[in-house]
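Subject: Structure handover

Dear colleague,

Please find the sequence and the structure below, followed by an account of what was found. I would be glad if you could read the notes with the coordinates open beside you.

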Amino acid sequence: MPPPRLSSALLRARPQANYQCLRRITPLRRASTTPPSQNDIKPVVPWKTPMSVWSPENLIPPPKDGEILLERRPNRALPPIPPLISPQVLKTLPIFILAMSISLFAFFNYQKQESSVVTSTLYALRTNQLVRDELGDEIYFASKNPWIKGEINQLHGRIDVSFWVKGTKRAGEVKLRCRRRGRGGLYYTQEYSLTLEDGRRLELYDPQGNAIDPFQAIDVEE
């Protein structure tokens, strides 16, 4: 099939540019240097709020606590936002914090009281003849609820405790301070003493290792 032939009139016509797209552009406007007047500025009101429809004078007060609404009114004001923390919680919060603090202190003190360090120290005092001569027999804590001062940190190898003990004669404060030689090493005693009520201090630890074995007399008798 032969291609279509174009007429001579179309071949002689000049192509014309289409400026229709430029006509759609809006003309530029110069900015005004004069400030707008107060009458031209309109107040911005939030959308769909009671204030945008009803004035504050025509609003019905919100319902009170415990009040039952029998009808819905479009001009009823919104109730106030409740506080994040109620006043009852704010009143009882200090009492709760105080009770929790006392409970935590009592728990940690009981944990130190029942630790092997304190029980072993009491056993060493009972078997020490010098301590028994000063305090007497039945050596135990000085009170029913003893307070163990210091720390017992076996994880990092630090022991530094002091507490009061008493016997049948008098009372005194025992102090024990030990450190561990490196990770997995043995403990070495830095201080092990007993301070009596009159101020006298008895050094119960002998760095040279000449302490008297309390079971030596029992072995000899057997």
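Glu134 is a buried residue, because its relative accessibility is 16% and the limit for buried is under 20%. Please keep in mind throughout that this is a predicted model, and that each value here was computed from it.

Despite being buried, Glu134 takes part in a salt bridge with Arg200, in which the closest N and O atoms are 2.8 Å apart. This pair links distant parts of the chain, since Glu134 belongs to helix 6 (residues 129-135) while Arg200 sits in the loop between strand 5 (187-196) and strand 6 (201-203), 66 residues apart. Arg200 itself counts as partly exposed, because its relative accessibility is 37%.

A second pairing joins Glu191 to Arg201, with 2.4 Å between the closest N and O atoms. Here too distant parts of the chain are linked, as Glu191 lies in strand 5 and Arg201 in strand 6, ten residues apart. Glu191 is buried, at a relative accessible area of 11%, whereas Arg201 is partly exposed, at 47%. Some of the salt bridges share partners, and in this way Glu134, Arg170, Asp198 and Arg200 are joined into one network.

Arg132 and Asp137 also form a salt bridge, and their closest N and O atoms are 3.2 Å apart. Both partners are partly exposed, Arg132 with a relative accessibility of 34% and Asp137 with a relative accessible area of 40%. Taken over the model, the count comes to nine salt bridges, of which I have described some here.

Which residues of helix 4 are buried? They are Asn109, Lys112 and Gln113, and what covers them includes helix 5 (116-126), strand 1 (140-141) and strand 2 (149-153).

With kind regards

Conventions. Residues are numbered from 1 along each chain as its sequence is written. This is a predicted model: local features need pLDDT of at least 70, side-chain atom pairs count only at pLDDT 80 or more; totals for chains, interfaces and linings use all residues. Side-chain values use heavy atoms; hydrogens and water are left out. A salt bridge is a side-chain nitrogen of Lys or Arg within 4 Å of a carboxyl oxygen of Asp or Glu. Buried means under 20% relative accessible area, exposed over 50%, partly exposed in between (1.4 Å probe, protein chains only). Helices (H or I, at least four residues) and strands (E, at least two) are DSSP runs, numbered from the N terminus. Contact means heavy atoms within 4.5 Å.
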